Amino acid sequence: MTGTPLESSTLVLAPKVVLHDHLDGGLRPATVLDLARRQGYQDLPADDADSLARWFREAADSGSLERYLETFAHTVAVMQTVPALERVARECVEDLAADGVVYAEIRYAPEQHLEAGLTLDEVVEAVLRGFADGEADAARAGRPIVVRCLVTAMRHAARSLEIAELAVRYRDRGVVGFDIAGAEAGYPPTRHLGAFEFMRANNSRFTIHAGEAFGLPSIHEAIAFCGTDRLGHGVRVIDDITLPEGADPADESFEGAVLGDVAGIVRDKRIPLELCPSSNVQTGAVASMAEHPFNVLARLRFRVTVNTDNRLMSDTTMSREFDRLAAQFGYGWSDFERFTVNAMKSAFLHFDQRLALIDDVIKPGYATLIG
Ligand SMILES: O=c1[nH]cnc2c1ncn2[C@@H]1O[C@H](CO)[C@@H](O)[C@H]1O
Ligand SMILES: [Zn+2]
C-alpha cells in the first residue's frame with residue numbers, strides 16, 4: 001500500500017487507538033504472580049514471570065477459541081478484590097500509554113469478579129478508579145491517554161440484561177458501551193436480544209464478538225437482529241466475499257471482488273471491524289498471519305481497525321500488531337494513520353471528543369512521523 005517505510009522501533013511513537021482489549025487478558029505476568037501470592041491462589045502453572053508469560057502464550061496458541069479462553073481462569077482468579085482490580089486497571093493504562101496509545105476502550109465481564117463477595121457496582125467502580133489513576137499517572141509522565149470502559153456479558157451465562165443495565169447506569173462515569181464475549185459456537189447473539197434492545201432503548205452503544213469462531217450466521221444475527229454498532233473481530237465476513245480468480249491477497253486491489261449480502265451491509269453501513277490479528281491466528285479463526293483477511297478487507301475499504309484483544313495471551317502490544325501487519329502487508333505510516341482514524345471514528349466516545357482527538361492528537365502525530 002502507500003506511505004513512507006517505517007522502522008519497527010519508531011512504531012511506539014505513533015498515536016494509536018485500541019477499541020478491543022480485554023482487561024483480564026492484559027495483566028503483567030509479574031502482577032499475576034504477585035496477586036496470586038498475596039491472595040493465596042496456588043493454581044498458577046508457573047512461578048516466575050518469564051515462564052508464566054510463555055505459558056499464557058503457548059496455552060493460548062491452541063487453534064481453538066474454547067481452549068484459548070481456558071487460560072483466563074488464572075487471570076480472573078486473581079482479580080476478585082477491590083485493590084487487585086484497581087491495580088490491574090491502573091497498570092493496564094500505564095502499559096497502553098507507554099505503547100503510544102492515546103485512546104482505549106477496555107472491556108471485561110463484571111460478573112466474573114464476584115467470587116469474593118463484591119457487587120457488580122463495586123467491581124465497576126474499582127476498575128474505573130484504576131483507570132482514572134492510570135490516566136493521571138500517564139498525563140504526569142507526558143503521555144496523555146483517554147480510557148473508557150465497556151462492560152461485557154458472558155454469552156454462555158444469563159446475566160446480559162443486568163450487565164446492559166450496569167452499562168447504562170455508569171454511562172456518565174466512564175462506561176461507554178456493552179459487549180458479549182465467550183465461546184461463540186452454540187451461543188448466538190440473539191440469545192441476548194433483550195440486552196441489546198435495552199441498550200438501544202437507552203440510546204447506548206454496543207459491540208458483539210461475532211464472526212470469530214463461528215461464521216456468517218453470527219455476523220448476520222449481530223447486525224440484522226441485534227443492531228450492533230461494531231463487530232468484535234468479524235473476520236469471517238471474508239467468507240461472504242468472492243475474490244477474482246487468481247487474486248493474490250498480498251498485492252491485488254481486488255477490484256472484481258463480489259460481496260454477498262452480509263459483507264455488503266457491513267461495508268455499506270461502515271460497521272467497524274475490531275480486527276485482532278495475533279489473537280485470530282492463536283484461536284484458529286485464521287490459519288496464519290499471511291492468510292489474515294486484514295489486507296483484503298482494508299483494500300476493499302471496510303472500516304478496519306487494529307486491536308490487541310489480549311496482550312498477555314498473545315504476548316503483544318499495539319506497536320507489535322502494527323509491526324506484524326507492516327511485515328506481512330508492507331504498510332506504511334499513512335496506512336496506520338488511516339486505520340487509527342478509522343478506530344477513533346468508531347469509538348463510543350462522544351462525537352466532539354472523537355473529533356478533537358483526531359484533529360489535535362492523531363493527525364499531528366502522524367504528520368510528524370510522515371515528515
Ligand atoms: O477473542 C475473544 N473471543 C471471545 N471471548 C473472549 C475473547 N477474548 C477474551 N474473551 C472472554 O472475554 C472475557 C471478558 O473479558 C474473558 O474472561 C474471556 O473469557
Ligand atoms: Zn475479544
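Student: Which strand is H209 found in?

Tutor: H209 is in β5, residues 206-210. Strands here are DSSP E runs of at least two residues, helices are H or I runs of at least four, and both are numbered from the N terminus. This is a predicted model: local features need pLDDT of at least 70, side-chain atom pairs count only at pLDDT 80 or more, and totals for chains, interfaces and linings use all residues. Residues are numbered from 1 along each chain as its sequence is written, while chains are lettered from A and ligands numbered from 1 in the order in which they are written.

Student: Is H209 buried or exposed?

Tutor: H209 has 29 C-beta neighbours inside 10 Å, so it counts as buried. Buried takes 20 or more other C-beta atoms within 10 Å of the residue's own, exposed takes 12 or fewer, and partly exposed is in between, with C-beta atoms placed from the backbone.

Student: What does H209 touch?

Tutor: Leaving out residues up to four places away in sequence, H209 touches D179, I180, A181, E184, G232 and H233. Contact means C-beta atoms, placed from the backbone, within 7 Å.

Student: And what stands opposite H209 in β6?

Tutor: G232. β5 and β6 (230-233) pair in the parallel sense over four bridges. Two strands pair if DSSP finds at least two bridges between them.

Student: How many strands form the sheet?

Tutor: Eight, in an open sheet with parallel pairing, ordered β1-β2-β3-β4-β5-β6-β9-β10. β1 (16-22) and β10 are at the edges with a single partner each, so one side of each has no neighbour in the sheet.

Student: Switching topic. Which residues does the UniProt "binding site" cover?

Tutor: The unreviewed UniProt entry annotates H20, H22, H209 and D309. They span 290 residues in sequence, but no two of their C-alpha atoms are more than 12.0 Å apart, so they gather at one spot. UniProt positions follow the numbering used here, feature names are shortened, and annotations may be inferred rather than shown by experiment.

Student: Where does D309 lie?

Tutor: D309 sits in the loop between β10 (304-306) and α13 (318-329). Beyond four places in sequence, its contacts include H20, H22 and C276.

Student: What is closest to ligand 1?

Tutor: H22, F72, Y108, A109 and A181 are the closest of the 19 residues that surround it. Near means a C-beta atom, placed from the backbone, within 6 Å. α3 (65-70), α4 (72-77) and β2 (101-108) each supply at least two residues of that shell.

Methods: Contact = placed C-beta atoms within 7 Å.
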